[in-house]
Amino acid sequence: MTNNRQILITSLFGGLGNQMFQYANGASLAARWNRQLFVDDSWYRRTFNESVMTRREFLLDQFPHLSNIDRKYSMAMPKLLSRIKSGISGEQWFDDSHGFMKFEESNKHKICRLHGYWQDPRYFIDQRQLICDAFALDFIEMRNSNSLLPEISEYSSLGIHVRRGDYVTLPDRPGQPRPLSLNYYNQAIEFATLHRQIEKIYIVSDDPAWCAEHFTGDRFHIVENKNSTIEDFAILQTCDHIVMSNSTYSWWASWLGRSENQLAIFPKDWTLARSSSAYFPPTWVGI
């Protein structure tokens, strides 16, 4: 921060999907306000009680265009203390605790900080190409370096994301997402095969053993759990069509999908504390 350009800091927390929403809002706002963008990844250096909250890793730098992302190294602290420190430092603080926020042009503060989930594409839809470029992946190059990645190119493919993991193990509390039923996935597969010619189905999951038990047949390919988070994300994004779990991870794989004829299916009982009808594009299908 050596120049006089005004600064925008976006605080990161959560898994890859949350990080992508937080970055997308920050990058879009920085472009509109002509500010230099920094990400604050101090949350990932906190001490976690893993019986209450899942430990996550900072992953944005796994996208090639974000490998040298500007990061602000701050002391890890709870939100309240962070907000107090932000005020003392003269930062202008924005959060999404009251729902969707319409940002006005703001040049009153040299430093502005974003703290929230920002799970609404209205924050960045006007900068779609900027965001797509930031999150671009080279699937072919990734496969060249990892033979466990399937080659998706010559047939109509359906990618399915099955999120279980901490949805199964974390305590049941208000707002805590739960794993989707097998019935949802079966209905989604039936709908997809009825409306599209599906030749291969790729299942990406944090519980491949459960998937192997319930999805059988030659058309199913259970993706190896030896892949990295970003490699699994690339597989979902590369598929022609997607069945989402109730997870921002598969939301982004769908939103970034490259097929012009993409069928994107989401669960209607998606549990979201911070969302609106704008969260799901009108072309997506709810089941």
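Author: Start with pairing: two strands count as paired if DSSP finds at least two bridges between them. The model here is predicted. In it, E7 and strand E8 (residues 220-222) pair in the parallel sense over three bridges. Within that pair, Tyr 202 stands opposite His 221 in E8. From E7 the chain passes through helix H7 (residues 208-214) to reach E8, a right-handed β-α-β crossover.

Reader: How many bridges join strand E6 to E7?

Author: Strands of a sheet pair through backbone hydrogen bonds, either parallel or antiparallel. Strand E6 (residues 157-162) and E7 run parallel and are joined by six bridges. Val 162 has Ser 205 in E7 opposite. As for burial, five of the six residues of strand E7 (residues 200-205) are buried.

Reader: In what order do the strands of the five-stranded open sheet lie?

Author: The order is E3-E2-E1-E5-E4, with parallel pairing. E3 and strand E4 (92-95) are the edge strands, each pairing on one side only. Strand E1 (residues 7-11) is joined to strand E5 (residues 111-115) by four bridges, in parallel. Ile 7 has Ile 111 in E5 as its bridge partner.

Reader: Which helix lies across E1, E2, E4 and E5?

Author: That is helix H1 (residues 16-33), which runs at about 170 degrees to E1.

Reader: Which residues of the largest nonpolar core touch the most other members?

Author: In soluble globular proteins, nonpolar side chains tend to be buried together. The largest nonpolar core here has 60 residues, and those touching the most other members are Tyr 23, Leu 60, Phe 63, Phe 135, Phe 233 and Trp 252. H1 gives the most to this core, with nine residues. Apart from that core lies another, of 19 residues, among them Tyr 185, Ile 189, Ile 198 and Phe 220.

Reader: What is Leu 60 in contact with, leaving aside neighbours within four places in sequence?

Author: The contacts of Leu 60 are then Leu 12, Gln 19, Met 20, Tyr 23, Leu 66, Ile 69 and Phe 135.

Reader: Is Ser 42 buried or exposed?

Author: Buried means under 20% relative accessible area. Ser 42 has 9%, so this residue is buried. Ser 42 is in the loop between strand E2 (36-40) and strand E3 (71-72). The side chains of Ser 42 and Asp 40 are joined by a polar contact of 2.9 Å.

Notes. Residues numbered from 1 in each chain as written. Predicted model: local features only at pLDDT ≥ 70, side-chain atom pairs only at ≥ 80, totals over all residues. Heavy atoms only, no water. Helix = DSSP H or I, 4+ residues; strand = E, 2+ residues; numbered from the N terminus. Buried < 20%, exposed > 50% of the residue type's maximum accessible area, 1.4 Å probe, protein only. Polar contact = N/O pair within 3.5 Å; in protein donor to acceptor, adjacent residues only side chain to side chain. Right-handed = clockwise from strand over helix to strand, strands pointing away. Contact = heavy atoms within 4.5 Å. Axes fitted to C-alpha atoms, helices over the stretch in contact; angles between N-to-C directions. Core = buried A, V, L, I, M, F, W, Y, C linked by side-chain atoms within 4.5 Å.
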